[in-house]
There are 2 protein chains.
Amino acid sequence: MEDIVTLHEGGTPLLRDPDGRDLFFKYEGVNPTGSFKDRGTAIEISRAKELGVQNVACATTGNMGASVSAYCAVAKMNAHIFTTKFAEPAKIRQIKAYGASVTVVPGTYDDALAESKKTRDEKGYYLMGDYPLRGEGQKSVAFEIADQLNWGVPDNVIVPIGNGTLAWATYKAFRELETVGLTNKMPRIIGVQARGCNPVYNSFIHNLDYIVPLKKTNTIASAINCNNPVDGLETLTAIRESNGLCIQLSDEEILRAKAEMGKLGIYAEVSGAASYGAYKKLKLGGKTVCVVTGHGLKDSK
Amino acid sequence: MEDIVTLHEGGTPLLRDPDGRDLFFKYEGVNPTGSFKDRGTAIEISRAKELGVQNVACATTGNMGASVSAYCAVAKMNAHIFTTKFAEPAKIRQIKAYGASVTVVPGTYDDALAESKKTRDEKGYYLMGDYPLRGEGQKSVAFEIADQLNWGVPDNVIVPIGNGTLAWATYKAFRELETVGLTNKMPRIIGVQARGCNPVYNSFIHNLDYIVPLKKTNTIASAINCNNPVDGLETLTAIRESNGLCIQLSDEEILRAKAEMGKLGIYAEVSGAASYGAYKKLKLGGKTVCVVTGHGLKDSK
């Protein structure tokens, strides 16, 4: 118990659509640092503490860095955060508030990741992004959804895709529930990307079994601006095995979704609104859960 | 049930001090709109819905306006928010995101309150700030603290004072727990104000039984910048009856507390850090709970 590092992440509300559609919002913005990342971070940092780690390195579009920095503060570790110029200023402020050091790396998320890996190789820093472990933490979002629906399974779960960890963790969790007999069906996992950063979408549409990294990206949805998703292939598997879909949205479609969600009482960061944008565009039937990955207060404008 | 308007407020973590002091942080920043206000708003808006209200008016330093706007969005009511130039831009954005109208009134909080009251008198708008009702909602923060301490009662509960609703609601809740026998003692209620907006502190120090409204205020702690606290007298009673204290802090002391809290993994908005600033200054013995009233993401800088 002593080694558990927690800020009481998870336990987020599953909000019913006020407009009466068969639609729910899993509002991850009310996690301690304002995004779904805290679920995975709690596991990763607890393990790091157990190992006696002192220095942690992490590449981020912003949310993961904020999350890792907060849990490092609790665990009395040093957090070294690598990000890009696309990160929201509000997130950079948040990371620094937790006492972490921040390096803004020129280029893409992949470049920031490469810098963080250098500190592992050269200085022995513990690298966040042991994605299997992180995924194990992220699974709780799906366990909660099933629980909150009284062990029912929605027909569709829509998830924004950055690195893709959340999508495959959600898939894995529902699969486990089915395996142990707590549920008796699978939801379709529906992944959403921004048109300006769509490597998983490209592979889905062209039926590839690999991811083609993008050299340049261009989207206002900074939290899902990952040009070479670490868990891209796992996400493709989750989507395909669940008979799901991957779609892309323009920035305008995502911003419209964010604005409409506000009128439903749900303040989402831009990327977090992509799930609802996909719901609107796909005109899905059946019971649908949109995972809202981050709080609107994360946006700087 | 149908008339209950909720975004699943409350149920916030009681975080143990990572430095091992007999100190806890009640982290209200993870309420749906990022502040403690949601607890009271859920009750006020549920009652308004029951009454068939269509238009709601609300004066705010920022957090209450955001909260009221969100719940109005869920309940399909129109929110008319009146604030001052001191409100954080991040809060104004949030209020507008929920579809509310915002009027920035010249002058103090009291002036914004007067404007909101005009819409009640002239247009029949339903005025938020039926403080007894709001206080009933706010009580849940104290019920949770007692529950989370296994029905123990801390020696001190430290609360920032804006309008003062939270302070007296906390007192009332602990008194009720004692009355029904769930607990057997009272905590000291310790109120904190900013030196630049200290009407309750002034009355406490000079042993007055009235509040002298301030004509001008000057503090960076915008969420507690209430020159004429609506519940000032009730707060004085709560402090006195509980053998508590009221103290004032300089902006520098509050900012230092905010910075130190970040290093403990707790990101507080400036005003929300005042409770910890008071803890540091008072060098209190005994078990202490600092109520952290709003999320650090609420600050615009």
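View 1. Helix α6 of chain B spans residues 140-148, and its buried residues are B:Val141, B:Ala142, B:Glu144, B:Ile145 and B:Ala146. Buried stands for under 20% relative accessible area, exposed for over 50% and partly exposed for values in between (1.4 Å probe, protein chains only). Helices (H or I, at least four residues) and strands (E, at least two) are DSSP runs numbered from the N terminus. The elements of chain B against which the buried residues of α6(B) pack include β1 (14-16), β2 (23-27), α1 (37-50) and α7 (165-179); contact means heavy atoms within 4.5 Å.

**View 2. A:Asp17 and its surroundings**. A:Asp17 lies in the loop between β1 (14-16) and β2 (23-27) of chain A. The residue is buried, with a relative accessible area of 3%. Its side chain makes a polar contact of 2.8 Å with that of A:Arg21. A polar contact is a pair of N or O atoms within 3.5 Å; within protein, one must be able to donate a hydrogen and the other to accept it, and residues adjacent in sequence count only if both atoms are side-chain atoms. Not counting residues up to four places away in sequence, A:Asp17 touches A:Leu23, A:Phe25 and A:Leu264.

**View 3. The contact between chains A and B**. Each side is given by its own count: 36 residues from chain A and 36 residues from chain B. Between them the chains bury about 2700 Å², 61% of it on carbon and sulfur atoms. Buried area is the accessible area (1.4 Å probe) that two parts lose on being put together, summed over both. A:Arg93, A:Tyr267 and A:Leu297 supply 22% of the area that chain A buries against chain B, more than any other three residues.

**View 4. Salt bridges and polar contacts between the chains**. There are 2 salt bridges between chain A and chain B, a salt bridge being a side-chain nitrogen of Lys or Arg within 4 Å of a carboxyl oxygen of Asp or Glu. One salt bridge joins the side chains of A:Asp19 and B:Lys76 (2.4 Å, N to O).

**Notes.** Residues are numbered from 1 along each chain as its sequence is written, and chains are lettered from A and ligands numbered from 1 in the order in which they are written. Local features of this predicted model need pLDDT of at least 70, side-chain atom pairs count only at pLDDT 80 or more, and totals for chains, interfaces and linings use all residues; side-chain values use heavy atoms, with hydrogens and water left out.
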